[in-house]
Amino acid sequence: MSKKGKKEAEHKIEEFFADIKGKTPKEVRKIKKLAMSYNIKLKEKRKAFCKKCLTPFIIPKIRIKKGMKIIICDKCGAVSRWRMKD
Ligand SMILES: [Zn+2]
């Protein structure tokens, strides 16, 4: 895979996540695959969608507990926990 290809992939991923709320789980799966094939880490971007059903969080239920941010997916009910930066 070329270096140029990776840059293009990164750009595509950035654009995708800039408008994540309008995306479908199918599209999220595709962009995840793209990122993986170029070994691009999604990092913070992974928090924009449910890790289980891949639905973008539109109006997520967020709870803060003991320094953890807890997001509940309103589609499948999966709970995502993220450590908050202090
Ligand atoms: Zn879900």
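Helices (H or I, at least four residues) and strands (E, at least two) are DSSP runs, numbered from the N terminus. Residues are numbered from 1 along each chain as its sequence is written. The model is predicted: local features need pLDDT of at least 70, side-chain atom pairs count only at pLDDT 80 or more, and totals for chains, interfaces and linings use all residues.

**Figure 1. Overall layout of the protein.**
The elements run α-α-β-β-β from the N terminus on. That is two helices and three strands. The C-alpha trace spans about 45 × 30 × 20 Å along its principal axes. pLDDT is the predictor's confidence in each residue, from 0 to 100. Its mean over the protein is 92, and 97% of residues reach 70 or more. Two residues are in contact if their C-beta atoms, placed from the backbone, lie within 7 Å. Of the contacts with a separation of 6 or more, 41% join residues 24 or more positions apart.

Helix H1 covers residues 3–18. Its 16 residues reach 23 Å from first C-alpha to last, close to the expected 22 Å at 1.5 Å a residue. The expected span is 1.5 Å times one less than the number of residues. A residue is buried if 20 or more other C-beta atoms lie within 10 Å of its own, exposed if 12 or fewer, and partly exposed in between, with C-beta atoms placed from the backbone. H1 is hardly covered: its count of buried residues is zero. Helix H2 spans 25–37. Its 13 residues reach 18 Å from first C-alpha to last, close to the 18 Å expected.

Most residues other than glycine have a negative phi. Asn 39 is not a glycine, yet its phi is positive, about 60°. Asn 39 is exposed because 9 other C-beta atoms lie within 10 Å. Leu 54 is also not a glycine and has a positive phi of about 65°. Leu 54 lies in the loop between H2 and E1. Leu 54 is buried, because 20 other C-beta atoms lie within 10 Å.

**Figure 2. The nonpolar core.**
A nonpolar core is a set of buried Ala, Val, Leu, Ile, Met, Phe, Trp, Tyr and Cys residues joined through C-beta atoms within 7 Å. The largest one has six residues: Val 28, Ile 31, Phe 49, Cys 50, Leu 54 and Cys 73. Beyond four places in sequence, Phe 49 touches Ile 20, Val 28, Leu 54, Thr 55, Pro 56 and Phe 57. Buried residues make up 8% of the 86 residues in the protein.

Two strands pair if DSSP finds at least two bridges between them. The sheet is open, with strand order E1-E2-E3 and antiparallel pairing. Its edge strands are E1 (61–65) and E3 (79–83), each pairing on one side only. The twist averages 25° from one strand to the next. Axes are lines fitted to C-alpha atoms, for helices over the stretch in contact, and angles run from 0 to 180 degrees between N-to-C directions. Strands of a sheet pair through backbone hydrogen bonds.

E1 and E2 pair in the antiparallel sense over five bridges. Here Arg 63 stands opposite Ile 70 in E2. The E1–E2 hairpin has two residues between its strands, and Lys 66 in the turn has a positive phi of about 45°. E2 (residues 68–72) and E3 also pair in the antiparallel sense over five bridges. Ile 70 stands opposite Arg 81 in E3. Lys 69 stands opposite Trp 82 in E3. The E2–E3 hairpin has six residues between its strands, and Gly 77 takes a positive phi near 80°.

**Figure 3. Val 79 and its surroundings.**
Val 79 is found in strand E3. Val 79 is partly exposed because 13 other C-beta atoms lie within 10 Å. Not counting residues up to four places away in sequence, Val 79 touches Ile 70 and Ile 72. Val 79 and Lys 33 are 46 residues apart in sequence and 22 Å apart in space, C-alpha to C-alpha.
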